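These are my notebook entries on a single structure. I record what I looked up, entry by entry, with the criteria that I applied.

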Amino acid sequence: MTSTWSNAWTCPFCPLLCSTGGAQPGPQGLACRRAASGLARFTDQPSAAQPSVAGQPAPLTAAVAEAARLLQASRQPLFGGLATDVAGARALYPLACATGAICDVAAGTPLFESLRVQQDKGGFTTTLAEVSERADLLLIVTPDADDAPSDYVRDLLDRCAHRTPTVLRLAELAGAADLFDTLALLAALVAGRSAVKARAPQALLALAEQLQAAHYAVLVYETGRLPPHGGLLIEALQRVVATLNQRTRAAALGLGGGDGAYTVNQVFTWLSGLPLRSRAAPGGLEHEPLRFATDRLLAGGAVDALLWISSFGPLPVPRAAQGLPRIVLGHPDQAAEGDDVFIPVSTPGVGSRGHLFRTDGSVLLPLQPLYEDTLPTVAAVLRDIHQALSAATPEAAR
């Protein structure tokens, strides 16, 4: 890009929300592959992408009107993807209430595996700053010992490089053992249950001792890399952490919630008191974290229209949504084939301002644009759709 860059720029392309400080961000010379990949989709000029209706170019007003018509005709719409920022989420919520839509992010299942543990059991969490400045032992929990450290983990370790804490990988210590069994055994060892010591591998015995001796241990996992029923692993992690906190300090840190997933969930929670996978039904708000999963709804034919949002990059519409009326508010590179309505939208942090929550949930960071985009924001389009829907059905405005 050759546009005028902000002196301090926060990257919107991952939930760690790293800042460049005073450096000039750009596709060249960046250590982060996600930032380089995300920025490479943009040129030095704002996008010339245009809305379309039924595959044909159309004015924005016509696309908005058709989107409102499709939502008005729907008896049970699904709002999915939801890759947007705080302003987009705030505009999405009243539209969801007006239409009785079910809302779920693209990576909803991994997100809710972690969230349900917090709902059911509670837990100890921490922040990136705490990990960077205070943790002296990091235990990285991944399903496979052969898995290379992800970009998320590498970035997290880079934040700690000035202190060089001890970094261990559970899968390497456990070898070929089942990860569920390994964590259950580790929790028992940390709790000091002598009955399990005789059958525990020496590596796990040593790990339990290291965790007990650490001043501040942090158990790190990625929501997107959890196996099926990964919530059980998080529960085991939290048992280890709870035991350690009886004598020292420990916490768990889940890395995930990118593409605005964590942000939209935060916004819906503070506006309604309930997280995503909820809807405003005739009898009041309903929260069904299993039944309202995108994949399950589409596979079961439980919805009759889809509003899909993907402002940070192309986010493919699920194959199971073929045949449904589809409204897509997407990145200009998003393939629009088969969409009844496609409206290209600005990317927060590139063409427009915005705010996102970081993965640890403790910080809401502002996004500075690299240039002033000609594309509308997700929030602006959603407000226009809501206004058009309210004009057609006055009860939707209430």
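This is a predicted model: local features need pLDDT of at least 70, side-chain atom pairs count only at pLDDT 80 or more; totals for chains, interfaces and linings use all residues.

Entry 1, cysteines. I looked up Cys160 and found it buried, with a relative accessible area of 1%; buried means under 20%, exposed over 50% and partly exposed in between, with a 1.4 Å probe and protein chains only. The sulfur of Cys160 lies 12 Å from the closest cysteine sulfur, that of Cys18, which is too far for a bond. I then searched the whole structure for disulfides and found zero; the criterion is a pair of cysteine sulfur atoms within 2.5 Å. Cys97 is likewise in no disulfide, the nearest cysteine sulfur being that of Cys103 at 8.2 Å. Cys97 counts as partly exposed, because its relative accessibility is 32%.

Residues are numbered from 1 along each chain as its sequence is written, and side-chain values use heavy atoms, with hydrogens and water left out.

The C-alpha trace spans about 70 × 50 × 35 Å along its principal axes. Of the 398 residues, 52% count as buried. Among contacts (heavy atoms within 4.5 Å) between residues at least 6 apart in sequence, 68% join residues at least 24 apart.

I defined a core as a set of buried Ala, Val, Leu, Ile, Met, Phe, Trp, Tyr and Cys residues joined through side-chain atoms within 4.5 Å. The largest has 38 residues, and Phe79, Leu82, Leu329 and Leu382 have the most contacts inside it. Helix H3 (residues 86–99) supplies the largest share of this core, seven residues. A second, separate core has 35 residues, among them Val117, Val141, Leu189 and Val196.

Leu82 lies in strand E3 (residues 77–83) and is buried at 0% relative accessible area. I noted its positive phi, near 55°, in a residue other than glycine. Beyond four places in sequence, Leu329 touches residues including Trp308, Ile343, Val378 and Leu382.

Which element holds Leu183? I found Leu183 in helix H8 (residues 179–190), buried at 0% relative accessibility. Leaving aside neighbours within four places in sequence, Leu183 is in contact with Val141, Leu170, Leu233, Ala236 and Leu237. Its C-alpha atom is 35 Å from that of Phe312, 129 residues away along the chain.

I located His331 in the loop between strand E12 (326–330) and strand E13 (341–344). His331 counts as buried, because its relative accessibility is 1%. A polar atom of the His331 side chain lies 2.9 Å from the backbone nitrogen of Asp333. Beyond four places in sequence, His331 touches residues including Arg41, Phe42, Phe312 and Thr347.

Technical notes: Helices (H or I, at least four residues) and strands (E, at least two) are DSSP runs, numbered from the N terminus. A polar contact is a pair of N or O atoms within 3.5 Å; within protein, one must be able to donate a hydrogen and the other to accept it, and residues adjacent in sequence count only if both atoms are side-chain atoms.
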